[in-house]
Amino acid sequence: MAERRKAENVLLDTALQEFYGAADEMGLSEKLISILSHAERRLEVSVPTEMDDGSVKVFKGYRVQHSTALGPAKGGLRYDPAVDIDECEALSMLMTWKCSLAGIPYGGGKGGICCDPLEMSKKEKERMTRTFAARIAPIIGSWTDVPAPDMNTGGPEMVWILDTISKMHGQLEPGILTGKPISYWGSKGRNEATGRGVATCGLEFMKALGKDPAKMTASIQGFGNVGSYTAKTLQENGVKVVGISDITGSYYSEKGIDIEKAFEVKDKDPKKLLNGFEKVGNCEKVDEVLFTKCDFLFPCARDGVINKDTAGKVLAKYVVEGANGPTTPEGDKIMADAGVKLVPDFLANSGGVIGSYFEWAQNLQGFFWTADEYNTRLIHIMKDNFKRVWDYAEAKKVTMRRAATMAAIQRVADVVELRGLFL
């Protein structure tokens, strides 16, 4: 047996152990296990940035390409103080499985900058982003690596990156990244895609379990782009949303929360403060919403929040992972032993990357779809993917996480075997 990797980073170690477990259960060859347990490329760059006071601060930037066997690397760019190279590798591996499971022609990538964007002005973020774009430009391209927004990044950052690299290449290249504003080569429907996909998986989960959405309650951790549209779509389909949270704390109401009002409050405050809602416990404990009384829990914020210390406090019997890696292996086991059923992240939140694929395809064609066309295609793929994993899990008597992982790994492994070692 080839030597198995261990990682100090919790998220990377979790990703590796899940891969090894599934690969062994599948009977995957040691050759393929060795290849797929390592990223193809790990790039670290320095990002010197002139601050508004005239000083220069040097940030660390990263881009990791786990696999390009199926196509260009695909994955977001995040700005956060916790970003490091190992986190990026873990998330890029998850992106490989996510793209494979979704059946789209992408491999997995991830990147970002270790910084605190909340402490930076718009001009500082622009200067930092453009420098970062120039440093990673050699490995970015429509057919090599296609970044997208992630934590604390969005349309403005994508425009700065596109503008910088296009100027360096002397021509407009809109297909080099996704998540752009609709007014500048973006796609109608993309902003809501991840949250709409998470909610669709949740609704299909209810259907498979024989549950009536109108009689179900849900709590959503995180009210950013993913969590907010998850909550909105669930409520539009009759689910009572009783709990939400953001950086200011957790909010709960047995009568249900007015999500439209939550959107209005969030949009008025640049820090997305959800004032006006009843806080749960200590307002500093933003994870308190995870432990509220509800039928379905949707963790849509950070990784590792359901772990050995918190999993036992989860009251929901069903979990749909909107965030990347919100549940650790220890947390997974504790909830499984308690009878909690779970839809894994790279199935539930794949709406974002499927939406990115739609935007990329439109960019390459120079032909754009209507929002209805976009949403119809997205929901169709999400429903098909959920059913495929659900049926596989039922037939093999394994968890949905294991079923999704095995199906995703098999597609990548088959292509790696077909192409050979020169990748």
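Colleague: Let me start with Asp 163: is this residue buried or exposed?

Modeller: The general idea is a set of cut-offs: buried means under 20% relative accessible area, exposed means over 50%, and partly exposed lies in between (1.4 Å probe, protein chains only). Asp 163 has a relative accessible area of 18%, so this residue counts as buried. Please keep in mind that this is a predicted model, in which local features need pLDDT of at least 70 and side-chain atom pairs count only at pLDDT 80 or more, while totals for chains, interfaces and linings use all residues. Residues are numbered from 1 along each chain as its sequence is written, and side-chain values use heavy atoms, with hydrogens and water left out.

Colleague: Which residue forms a salt bridge with Asp 163?

Modeller: In general, side chains of opposite charge can pair when their charged atoms come close. The term salt bridge is used for a side-chain nitrogen of Lys or Arg within 4 Å of a carboxyl oxygen of Asp or Glu. Here the partner of Asp 163 is Arg 130, with the closest N and O atoms 2.9 Å apart. Distant parts of the chain are linked by this pair: Arg 130 belongs to helix 4 (residues 122-136) and Asp 163 to helix 5, 33 residues apart. Arg 130 has a relative accessible area of 25%, which makes this residue partly exposed.

Colleague: What are helices and strands in this numbering?

Modeller: They are DSSP runs, numbered from the N terminus: helices are H or I with at least four residues, strands are E with at least two.

Colleague: Which residues are linked with Arg 130 and Asp 163 in a network of salt bridges?

Modeller: Lys 123, Glu 126 and Lys 167 join Arg 130 and Asp 163 in that network.

Colleague: How many salt bridges does the structure hold?

Modeller: There are 25 salt bridges. One of them brings together the side chains of Asp 150 and Lys 110, at 2.6 Å from N to O. Again the pair links distant parts of the chain, 40 residues apart: Asp 150 sits in the loop between strand 5 (145-149) and helix 5 (155-169), and Lys 110 sits in strand 4 (residues 107-114). Asp 150 is buried, at 18% relative accessible area, and Lys 110 is buried too, at 3%.

For a salt bridge in other surroundings, look at Lys 308 and Asp 309, whose closest N and O atoms are 3.6 Å apart. Both Lys 308 and Asp 309 are exposed.

Colleague: Which residue stands opposite Lys 110 of strand 4?

Modeller: To read strand pairing, remember that two strands pair if DSSP finds at least two bridges between them. Val 64 stands opposite Lys 110, and strand 2 and strand 4 run antiparallel, joined by seven bridges. Strand 2 (residues 56-67) is also paired with strand 1 (residues 41-50), in the antiparallel sense over 10 bridges. There, Arg 41 faces Gln 65 of strand 2. Strand 1 and strand 2 make a hairpin with five residues between them, and Gly 54 in the turn has a positive phi of about 95°.

Colleague: Which residues other than glycine have a positive phi?

Modeller: Two cases are Asn 152, with a phi of about 65°, and Trp 185, with a phi near 65°. Asn 152 is in the loop between strand 5 and helix 5, and a relative accessible area of 37% makes Asn 152 partly exposed. Trp 185 lies in the loop between helix 5 and helix 6 (193-209), and Trp 185 is partly exposed at 27% relative accessibility.

Colleague: Why is strand 6 largely enclosed by the rest of the structure?

Modeller: Because five of the five residues of strand 6 (residues 217-221) are buried. Strand 6 runs parallel to strand 7 (residues 240-246), joined by four bridges, and Thr 217 has Lys 240 as its bridge partner in strand 7.

Colleague: Where is Arg 302 found?

Modeller: Arg 302 is in the loop between strand 9 (296-299) and strand 10 (318-320), and counts as partly exposed at 32% relative accessible area.
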